[in-house]
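Dear colleague,

Please find the structure we discussed below, together with its sequence. My notes on what was found in it follow directly after.

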Amino acid sequence: MANADGCVEQAGSQSFSLYFLPVLLVVLVFFSNFMARLILPPFLVPLEKEFALTHKQAGGLLLIVSLGISLSLLLSGVVSTWLTHRRTIVLSSLGVGLSLHLLPQANSLVELQAFFFLMGFAVGLYLPSGVSTITSILPLRHWGKGLAMHEMAPNLSFILAPAVAAAVEGIFAWQEVFAGLGTFSLIMGLGFAVWGRGGDFTGHAPRPAVIAAILRRPQFWLLALLFGVAVGTTFGIYSMLPLYLVKVHGLSPSWANNLLSVSRIPCLAMALGCGYLVDKIGAKPTILGALIISGGLTTSIGLLSGSALQAAVLLQPLCAVCFFPSAFAAISKIFDYRIRNIAISFIVPVAVLVGTGLVPSVLGWFGDVGHFSLGFVLWGVSGITGAFLVCFLQITGTDNDPCGFDT
């Protein structure tokens, strides 16, 4: 299906359905990978009690995970050069499974932080190789749909992680849930190793000349900032919502987790529909609309209460989720296929540190000083402001498409 450079050979008028199963196997690995990241926020309340953590320390655990992810993203080009993208995906999944089995053995905050860092490092190896594998499976005209299908994995994780936490409350301890998820990650990694397709080519190591060429491009910095805003609006807000809803608005942990779970259900259809939208109207207007509307709804979470607040929680993810399929499609068109994984491995660490690390920590600090709501308002305003950066985003089209597909 792809040549030695990871480029899909010309495929005539073949429909997306012919590529569904190979893409699905990659998506399942991404799902297990992302569940590992999202299972922590719904369990912050019991972790706070067991390890006597402040809100800031609880949010700091997410920063530890994000540091591990960011470091491994920066090194992922080296790893995929040694192993190929396919084997890097397998290594990531097995590493996540192992670290999730280690976490229940933690007896102190330091051990907890060390195991979460290890999990984050394993998680971070996946994304550049995962996106490169998806685009190696599909012809260019199906990238929007394929990447949208890929984004269904995190959206399904957003649904299931809080739902699992609510369902097992009072039945299973967090240690048992983490170990069970670790087993699932091990199975997915081994399954992809046996039946997966795509990614049978090496990545490009981040040589100084290549890094310098990427960093000199204004589009790189624009995308890094946009990803940081978007990840903060999705993962960062999601991470602290259970604590916020329980501590500030008096919801029970199970009700808060169920609310988060229900809010993510429509995102599955929205993510897939967004892929068709990107293929129709382009990535740029889709990114702009996603950031403005989701930023406004994030602001409303900090301003509202009661039923209105719960409505805002339900609506906020719907638009935020549209950012990622369109943004990854933009990256895939802006950066040459030979350095695409390197561009991703430098763009995403910025987003991870800001969105999954700093935002939860800062929101936790606002909570500790009695201004939890203000933190949500300020980040929502930041999201709306960041949307104006989209005006400067230039998507080049097919200049870097080695196969010559029509867009």
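Contact, as used in these notes, means heavy atoms within 4.5 Å. The model is a predicted one, and the remarks below should be read accordingly.

Confidence

The protein chain has an average pLDDT of 81, and 91% of the residues score at least 70. Helix α4 (residues 85-102) has the highest confidence, at 92, whereas helix α11 (residues 253-281) has the lowest, at a mean of 78. For residues 398-407 the pLDDT is below 50, although this stretch has 26 contacts in the model beyond near neighbours in sequence. Where pLDDT is low, the predicted coordinates should not be read in detail.

Helices α10 and α12

Helix α10 (residues 218-247) and helix α12 (residues 283-303) have axes that come within 11 Å and cross at roughly 25°. Angles under 35 degrees count as roughly parallel, and α10 and α12 are therefore roughly parallel to each other. The crossing in which α10 passes α12 is left-handed. On the α10 side, the residues that meet α12 are L226, V229, A230, T233, I237, L241 and Y244. Their counterparts in α12 are L291, S294, T298, I301 and G302. Sorted by class, this contact of α10 with α12 comprises eight nonpolar residues, four polar residues and no charged ones.

Is T299 buried or exposed? Its relative accessibility is 14%, and because buried means under 20%, T299 counts as buried. Apart from neighbours within four places in sequence, T299 is in contact with F376, V377, G380, V381 and I384.

One of these partners, V381, is found in helix α16 (residues 372-386). With a relative accessibility of 42%, V381 counts as partly exposed. V381 and Y126 are 255 residues apart along the chain, and their C-alpha atoms are separated by 31 Å.

Helices α3 and α4

Helix α3 (residues 55-83) packs with α4 at an angle of about 115°, and the two axes are 7 Å apart. The crossing of this pair is right-handed. From α3, the contact is made by V79, S80 and L83; from α4, H85, R87, T88 and L91 take part. By class, the contact of α3 with α4 has three nonpolar residues, three polar residues and one charged residue.

With kind regards

Key. Residues are numbered from 1 along each chain as its sequence is written. This is a predicted model: local features need pLDDT of at least 70, side-chain atom pairs count only at pLDDT 80 or more; totals for chains, interfaces and linings use all residues. Side-chain values use heavy atoms; hydrogens and water are left out. Axes are lines fitted to C-alpha atoms, for helices over the stretch in contact, and angles run from 0 to 180 degrees between N-to-C directions. Helices (H or I, at least four residues) and strands (E, at least two) are DSSP runs, numbered from the N terminus. Angles under 35 degrees count as roughly parallel, over 145 as roughly antiparallel, 65 to 115 as roughly perpendicular and the rest as oblique. A crossing is left-handed if the near helix is turned anticlockwise from the far one by less than a right angle, and right-handed if clockwise. Ala, Val, Leu, Ile, Met, Phe, Trp, Tyr, Cys and Pro count as nonpolar, Asp, Glu, Lys and Arg as charged, and the others, Gly among them, as polar. Buried means under 20% relative accessible area, exposed over 50%, partly exposed in between (1.4 Å probe, protein chains only). pLDDT is the predictor's confidence in each residue, from 0 to 100.
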